[in-house]
Amino acid sequence: MNIEIAYIVVGTMIFVGFIVGGGIIYSGLEKIANAIKK
Amino acid sequence: MNSNKKAARIVGILFIIATASIFAESIYEPFLNSPDYLDLIYPNKTTVMIGLLLESIMIPAMFLIPIFLFPILKTYNKALAFGYLGIRSFESALIGVAQIIKISLISLSRDYLNRGGADVSDFQNTGSSIQSKLFWVNTDGIIYVVIFAIGAFIFNFVLFKSKLIPRWLSIWGLFGAIAILTGSMLYAFTDTSEVIAMLLIIPIAVQEMVFAIWLIVKGFNSSAINSQTTRTDIN
């Protein structure tokens, strides 16, 4: 069962990595977009 | 390395590429989702285009997944293998349509900024009309999610019946397909908040990543493939 948990942890980490990475890019570019509007 | 192991690795990598490319929308969404998108998109067209091109990587990735899986899935259920191929092809086509719609906003933004004496409301109405089409065909749009959920359900059903992967993983996929479909329907046709709909995406999204890693490291269950091949040969 431990090996299955390892796969679940790695898969979840990849997904969370995409979310965090996407969030960082989004918030950075959102600041640029807001700065352009001003 | 045998061909099934190779196909499993390629499919695992394609699943990760397809999921990663969805997050490329975070590159263009700050401009496309802004209330001032008509002012912002054209001046930032390079950034928007980079985001759209990176997201478009999912089109070939999604299309190639059932092609690599077809020789394996057809030995278990030919009709569902063809069905999965067709559904995934339709899914890729929908993404293509969504990308063309988004690209048309760049031209609209350019014309808006060079409008001269033209009425601003004409551009705003055209922009709203274009944006409303994305409500249906974008990766979080209803038509797309319904097609995706049907495809995921078919795929995990074949995996469950064939035991190509552990059953806990295919049952998780079946549950995830139902969850994402339910979330999308609730969001589209009731007052359910977007947050709940987004939370219901997580089971299938995480399952696909676990499944991808499983395929890359362990591949398909070779004893299930061997027993099916023997049965097919006898018949």
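A residue is counted as buried here if 20 or more other C-beta atoms lie within 10 Å of its own. By that criterion, 39% of the 235 residues of chain B are buried. The model is a predicted one.

**Stop 1: chain B as a whole.** Along the principal axes, the C-alpha atoms of chain B occupy a box of roughly 75 × 40 × 30 Å. Of the contacts in chain B between residues at least 6 apart in sequence, 72% connect residues at least 24 apart.

**Stop 2: the nonpolar core.** Next, select B:Phe15, B:Phe31, B:Ile41, B:Ala149 and B:Phe211, which have the most contacts inside the largest nonpolar core, a set of 68 residues. Helix 8 of chain B (residues 142–162) contributes the most to this core, with 10 residues. Now centre the view on B:Phe211. Leaving aside residues up to four places away in sequence, B:Phe211 touches B:Phe15, B:Ile165, B:Leu169 and B:Gly173.

**Stop 3: a pair of helices.** Select residues 78–113 of chain B, which form helix 6, and residues 120–137 of chain B, which form helix 7. How are these two helices of chain B oriented to each other? Their axes lie 10 Å apart and the packing angle is about 165°. An angle over 145 degrees counts as roughly antiparallel, and helix 6 and helix 7 of chain B are therefore roughly antiparallel to each other. Their crossing is left-handed. To see the contact itself, show the side chains on both helices. Helix 6 of chain B contributes residues including B:Leu94, B:Val97, B:Ile101 and B:Leu108, while helix 7 of chain B contributes residues including B:Phe123, B:Ile130 and B:Leu134. By class, this contact comprises 11 nonpolar, 3 polar and 2 charged residues.

**Stop 4: the contact with chain A.** Finally, display both chains. The contact involves 20 residues from chain B and 17 residues from chain A. On the side of chain B that touches chain A, select helix 1 (3–22), helix 2 (25–32) and helix 11 (202–217), the elements that give two or more residues. Helix 11 of chain B supplies the largest share of that side, 6 residues. Colouring this side of chain B by class shows 14 nonpolar, 4 polar and 2 charged residues.

Terms used. Residues numbered from 1 in each chain as written. Chains lettered and ligands numbered in written order. Predicted model: local features only at pLDDT ≥ 70, side-chain atom pairs only at ≥ 80, totals over all residues. Axes fitted to C-alpha atoms, helices over the stretch in contact; angles between N-to-C directions. Helix = DSSP H or I, 4+ residues; strand = E, 2+ residues; numbered from the N terminus. Parallel < 35°, antiparallel > 145°, perpendicular 65-115°, else oblique. Left-handed = near helix turned anticlockwise from the far one by under 90°. Contact = placed C-beta atoms within 7 Å. Nonpolar A, V, L, I, M, F, W, Y, C, P; charged D, E, K, R; others polar. Core = buried A, V, L, I, M, F, W, Y, C linked by C-beta atoms within 7 Å. Buried ≥ 20, exposed ≤ 12 C-beta atoms within 10 Å, placed from the backbone.
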